[in-house]
Amino acid sequence: MKKKIICAILLVSNIVVLSACGSQDQNAEKVSDTETQSSNDSVPEWLESFYNSSYEYRKSTIVLENDIEDTIAVVEGKVEASPYKEYIKIVEPAESSWSEAWFYGDGDDVTAILNVENDYVLQNTRRSYPYGYGSDLSLSKDRTEEYNGISCDVYTAEYTVDLTEQINQESEEAIITEPITAVVSQEYYVDPEQDQLLCMITDASDRQEKTEIANRVMNDNITVEEAQKLVSADEVTKEKMEILSYDDSISIDIPEI
């Protein structure tokens with residue numbers, strides 16, 4: 001349990017960085033029950049609309065270990081599409097290093113304001129995107145399943161993230177020379193009547209494991225093979241992102257500091 005609490009604190013206190021893990025990803029189109037969409041097709045209308053909408057959401061980080069599911073972190077937030085603004089409030093855990101945050105700016109480089117013990121801290125960061133945004137997706141309709149009383153079409157997708165390339169680009173030098181890639185799988189719950197995305201569940205287990213391996217390589221100056229032996233892969237980590245409402249009238253006030 002102590003390990004999960006520590007993990008939750010790390011996830012929430014670093015959410016400015018971690019939410020950008022939903023690396024950029026964008027390619028799909030509406031498909032039939034038996035069709036699988038190639039990465040060369042256009043983004044489906046429900047996903048394109050989600051990317052460009054103002055909405056309120058809840059994100060839960062869920063860990064599954066030994067068949068026991070535990071929600072270790074929960075945040076609630078809202079996004080103002082244009083101009084881009086985002087507000088995030090920590091719901092769990094209570095031990096997080098900040099309680100709420102505001103993000104605003106143009107492009108990928110944005111400004112963040114964190115509420116740290118009722119004091120505002122200003123910092124520059126990278127804009128976060130939902131998991132899958134900007135990646136080459138191959139969406140396929142997997143099944144129909146009820147979600148919050150709505151019969152939803154459930155689409156699945158899987159894509160690969162090149163962590164070596166991402167880390168080296170951010171550092172502007174080749175910190176890691178060996179390839180480290182991670183596979184991310186997702187489920188999209190879509191209301192077919194409204195043609196709206198209602199929920200997205202992302203299995204980020206492989207990404208988290210490979211990120212730990214990359215950290216070992218960088219911090220301990222060891223090979224990927226050596227780092228793999230030191231990293232445990234006994235947990236399944238998922239992020240559940242629920243769209244609470246779509247609302248073009250959302251307006252986020254940025255604190256003056």
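Visitor: Glu-117: buried or exposed?
Guide: Exposed, with 76% relative accessibility. The cut-offs are under 20% relative accessible area for buried and over 50% for exposed, with partly exposed in between (1.4 Å probe, protein chains only).

Visitor: What am I looking at, experiment or prediction?
Guide: This is a predicted model, where local features need pLDDT of at least 70 and side-chain atom pairs pLDDT 80 or more, while totals for chains, interfaces and linings use all residues. Numbering starts from 1 along each chain as its sequence is written, and side-chain values use heavy atoms, without hydrogens or water.

Visitor: OK, back to Glu-117. Where does it sit?
Guide: Glu-117 is in the loop between β5 (109-116) and β6 (119-126). Strands here are DSSP E runs of at least two residues, and helices are H or I runs of at least four, numbered from the N terminus.

Visitor: What's its phi?
Guide: Near 50°, so a positive value in a residue other than glycine. Asn-118 is in that β5 to β6 loop too, and the phi of Asn-118 is also positive, near 65°. Asn-118 is exposed as well, with a relative accessible area of 76%. For context, most residues other than glycine have a negative phi, and most peptide bonds are trans.

Visitor: Which peptide bonds are cis, then?
Guide: One runs from Ser-82 to Pro-83, with omega near -5°. Pro-83 belongs to the loop between β2 (68-80) and β3 (85-92). Another cis bond joins Glu-92 and Pro-93, omega about 0°, and Pro-93 is found in the loop between β3 and β4 (100-104).

Visitor: How many helices and strands in the chain?
Guide: Six helices and 11 strands.

Visitor: Which strand does β8 pair with?
Guide: β8 (residues 150-162) runs antiparallel to β9 (residues 181-191), joined by 10 bridges; pairing takes at least two DSSP bridges. Val-154 has Tyr-189 in β9 as its bridge partner.

Visitor: What about the other partner, β10?
Guide: β9 and β10 (residues 196-203) are antiparallel too, over seven bridges. In that pairing, Ser-185 stands opposite Asp-203 of β10. β9 and β10 make a hairpin with four residues between them, and Asp-195 in the turn has a positive phi of about 55°.

Visitor: New topic: how many aromatic pairs?
Guide: The structure has 11 of them, where ring centres (six-membered ring for Trp) lie within 6.5 Å, with planes under 30 degrees apart called stacked, over 60 edge-to-face and the rest tilted. Phe-50 and Tyr-51 make a tilted pair, 5.9 Å centre to centre and 40° between the planes. Phe-50 is buried, with a relative accessible area of 1%, and Tyr-51 is buried at 13%.

Visitor: And Trp-102 with Tyr-120, what geometry?
Guide: Edge-to-face: 5.7 Å between centres, 85° between planes. The pair links distant parts of the chain, with Trp-102 in β4 and Tyr-120 in β6, 18 residues apart. Trp-102 counts as buried at 7% relative accessibility, whereas Tyr-120 is partly exposed at 35%.

Visitor: Which residues form the aromatic cluster that has Phe-50 in it?
Guide: Phe-50, Tyr-51, Tyr-55, Tyr-57, Tyr-129, Tyr-133 and Tyr-246 form one cluster.

Visitor: Last one: how much of the chain is buried?
Guide: Buried residues are 46% of the 257 residues in the protein chain.
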